[in-house]
Amino acid sequence: MNITARTVVAGVVGAPVRHSLSPLMHNAWLEKAGVDGVYVAFGPPQDGFRAFAEGLRGGAVRGLNVTIPFKEQALELADDASDLARAARAANLLLFHDDGRIEARNTDGEGLLQALAVQAPGFDAAAGPVTVMGAGGAARGAIAALLQAGAQDIRVCNRSLDRAQALAEDIRSGSVTALARSDLAVTGAACIINATSLGLGGGPGPDTPWRLARPGCVAMDMVYKPLRTAWLQEADAHGLVTVDGLEMLIRQAVPSFRALFGVEPPEMDMRALLLASGAGG
Ligand SMILES: NC(=O)c1ccc[n+]([C@@H]2O[C@H](COP(=O)([O-])OP(=O)(O)OC[C@H]3O[C@@H](n4cnc5c(N)ncnc54)[C@H](OP(=O)(O)O)[C@@H]3O)[C@@H](O)[C@H]2O)c1
């Protein structure tokens with residue numbers, strides 16, 4: 001890589017951030033596309049995110065993907081935000097414009113929909129109830145995108161019911177219901193999404209009464225380490241169509257790359273590259 005005075009700099013910010021796969025993805029695309037750019041990881045202290053991001057106003061860095069725990073703060077400090085970021089109340093992408101403005105976007109939901117389109121091609125958000133396990137930032141992004149895609153009946157099931165209720169109230173759409181009981185949330189579901197952090201690093205996912213889902217139901221797990229989570233294996237054993245979190249990770253990076261570097265990511269087998277690097281292991 002030939003770094004020059006013209007090299008465009010972008011990156012990812014989080015705490016912790018050293019495990020992030022985003023630098024691997026974006027730098028592979030940059031190299032293949034022959035773009036004079038570099039994508040690095042920034043790990044400011046937990047209480048230092050605002051000062052860090054404010055200091056980038058004016059475009060010294062073109063933009064940043066934002067990960068845990070800064071997604072909500074990223075939206076708060078932005079001057080403009082996309083509808084999806086506003087609806088999700090969280091941003092996973094900040095763009096630093098030359099005039100000093102900071103623009104917030106959320107590409108997580110788009111990543112989710114694209115992953116469903118790739119690994120469960122028959123999925124139609126409007127075709128039946130969608131159950132979202134979890135009510136954190138990832139669940140919010142998913143629900144905003146599912147509503148945009150035409151979902152009519154979204155059930156949010158979370159350990160802390162008050163958080164699910166707050167989410168349903170914020171979204172202010174009659175299509176979103178908060179439920180504490182997983183049996184009620186899963187009955188007749190056409191799609192079940194694990195948006196909790198359960199299963200991360202191994203171990204069980206959220207307790208899910210698979211038999212109550214409708215035939216042909218899709219199970220999507222946002223957790224991608226391990227790639228075949230115990231939750232996805234259970235879903236598979238019950239005959240559900242499964243979609244993994246690595247596909248979502250790759251698909252959310254596509255619109256990010258486009259926004260950061262102004263070109264489409266080049267054709268390449270990103271999934272194979274990530275798996276070869278040990279992602280999902
Ligand atoms: N594949 C991708 O591209 C992608 C993108 C974004 C996020 N993710 C993944 O999605 C997951 C959630 O991320 P997030 O940003 O939404 O995190 P978050 O805001 O911290 O929310 C965590 C969620 O998990 C639930 N939870 C945590 N521990 C639990 C337990 N022991 N039992 C039951 N529920 C539990 C929480 O429930 P309470 O409200 O009750 O605490 C909450 O609903 C993470 O694993 C993240 O890596 C993946």
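Reply: Happy to! One term first: helices (at least four residues) and strands (at least two) are DSSP runs, numbered from the N terminus. Please also keep in mind that this is a predicted model.

Me: Which elements each supply at least two residues of the lining of the largest pocket, and which of them gives the most?

Reply: Four elements each supply at least two residues there: strand E3 (63–66), helix H3 (71–77), H6 and H10. The one that gives the most to this lining, with four residues, is H10.

Me: What volume does the largest pocket have, and which residues are closest to its centre?

Reply: Its volume is about 1,400 Å³. The lining of the largest pocket counts 45 residues, and by class they divide into 21 nonpolar, 17 polar and seven charged. Closest to the centre are Ile68, Ala138, Thr196, Ser197 and Leu200.

Me: Where is the ligand, and which element gives the most to the shell around it?

Reply: The space taken by the ligand is the largest pocket. Two elements give two or more residues to the shell around the ligand, helix H6 (137–148) and helix H10 (245–261). With three residues, the one that gives the most is H10.

Me: How many residues surround the ligand, and how do they divide by class?

Reply: The ligand is surrounded by 22 residues, and the closest are Ala138, Asn158, Arg159, Ser160 and Arg163. By class, this shell has ten nonpolar, eight polar and four charged residues.

Me: Which residues have an N or O atom within 3.5 Å of an oxygen atom of the ligand, and how much of the ligand does the protein cover?

Reply: Through backbone N or O atoms, Gly137 lies 3.1 Å from a ligand oxygen and Ala138 lies 2.8 Å from one. Arg159 uses an N or O atom of its side chain, 2.8 Å from an oxygen of the ligand.

Me: What about the second largest pocket: what is its volume, and which element gives the most to its lining?

Reply: This pocket has a volume of about 280 Å³. It is lined by 16 residues, and those closest to its centre are Trp29, Ile250, Arg251, Val254 and Met268. Helix H5 (108–119), H10 and helix H11 (270–276) give two or more residues each. The element that gives the most, with six residues, is H10.

Methods:
Residues are numbered from 1 along each chain as its sequence is written. This is a predicted model: local features need pLDDT of at least 70, side-chain atom pairs count only at pLDDT 80 or more; totals for chains, interfaces and linings use all residues. Side-chain values use heavy atoms; hydrogens and water are left out. A residue is near a molecule or strand if one of its heavy atoms lies within 4 Å of it. A polar contact is a pair of N or O atoms within 3.5 Å; within protein, one must be able to donate a hydrogen and the other to accept it, and residues adjacent in sequence count only if both atoms are side-chain atoms. On a 1 Å grid over the protein atoms alone, a cavity is a set of points where a 1.4 Å probe fits but cannot get out, and a pocket is an open set with protein on both sides within 12 Å along at least five of seven lines; lining residues have an atom within 4 Å of a point. A molecule sits in a cavity or pocket if more than half of its atoms lie within 2 Å of its grid points. Ala, Val, Leu, Ile, Met, Phe, Trp, Tyr, Cys and Pro count as nonpolar, Asp, Glu, Lys and Arg as charged, and the others, Gly among them, as polar. Grid points are joined across faces, edges and corners, and a volume is the space filled by probe spheres set on the points.
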